[in-house]
Amino acid sequence: MPEKLSEAADDYDITSDASWNDLDILSTHTEYEGLEVFAESGAIAGEDLTAPGVVHVTLNYGSKSDEGFATSESFPAIVHFTADPEKKTVEIVSLEIDTSSFYGDGDGDSPDIDDTSSA
C-alpha cells in the first residue's frame with residue numbers, strides 16, 4: 001500500500017483542499033511543487049488512517065511588472081486517507097499543514113524533541 005499512497009499523493013489536487021489557503025496566504029503567488037508522503041510511518045486509529053508528509057511549494061513575491069523574489073519552502077503535513085485493501089486503492093481525504101515555521105514562532109502543534117521545560 002505505500003506505493004499506492006505515493007501515487008495518490010501525485011494525483012491529489014492540493015489546491016482543492018481546505019489547507020491550501022494556509023499555503024496560499026504565504027506569498028503573492030504560491031506554486032504547488034509536490035507532496036511527499038512517508039507511508040511507512042503511517043498510523044491507523046480506528047477508521048482514521050494518517051501518514052506524515054511534506055508539502056513542497058515555491059513562494060513568489062512581487063508583481064508581474066517587477067522582478068520579484070521566489071523561494072522554495074517545505075512544510076510538514078499530516079495526510080488523512082482511506083484505503084480499500086480489496087480493491088487495492090488509496091485516496092487522500094485531507095491534509096493538515098503546519099506553516100508555523102514560516103512565522104518563526106516555534107509554537108506549532110508538533111512537540112519539539114529538544115524542548116525541555118524546567119519548573
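What share of the 119 residues in the chain is buried? Buried residues make up 31%, where buried means under 20% relative accessible area, exposed over 50%, and partly exposed in between (1.4 Å probe, protein chains only). The model is predicted: local features need pLDDT of at least 70, side-chain atom pairs count only at pLDDT 80 or more, and totals for chains, interfaces and linings use all residues. Residues are numbered from 1 along each chain as its sequence is written, and side-chain values use heavy atoms, with hydrogens and water left out.

Start with the fold. The chain has three helices and five strands. From the N terminus, the order is α-α-β-β-β-β-β-α. Helices (H or I, at least four residues) and strands (E, at least two) are DSSP runs, numbered from the N terminus. Of the contacts (heavy atoms within 4.5 Å) with a separation of 6 or more, 49% join residues 24 or more positions apart.

Now the surface. The chain exposes about 8000 Å², and carbon and sulfur atoms supply 48% of that area. Accessible areas come from the Shrake-Rupley method with a 1.4 Å probe; for residues, only the protein chains shown count as cover.

One patch is nonpolar. Ile-25, Phe-102 and Tyr-103 form it, with about 310 Å² of accessible area together. Nonpolar side chains (Val, Leu, Ile, Met, Phe, Trp, Tyr) are joined within 5 Å, like charges within 9 Å. Ile-25 sits in the loop between helix H2 (20-24) and strand S1 (29-37). Ile-25 is exposed, at 54% relative accessible area.

Notes: Patches are made of residues with over 30% relative accessible area and no salt bridge: like charges are joined within 9 Å, nonpolar side chains (Val, Leu, Ile, Met, Phe, Trp, Tyr) within 5 Å. A salt bridge is a side-chain nitrogen of Lys or Arg within 4 Å of a carboxyl oxygen of Asp or Glu.
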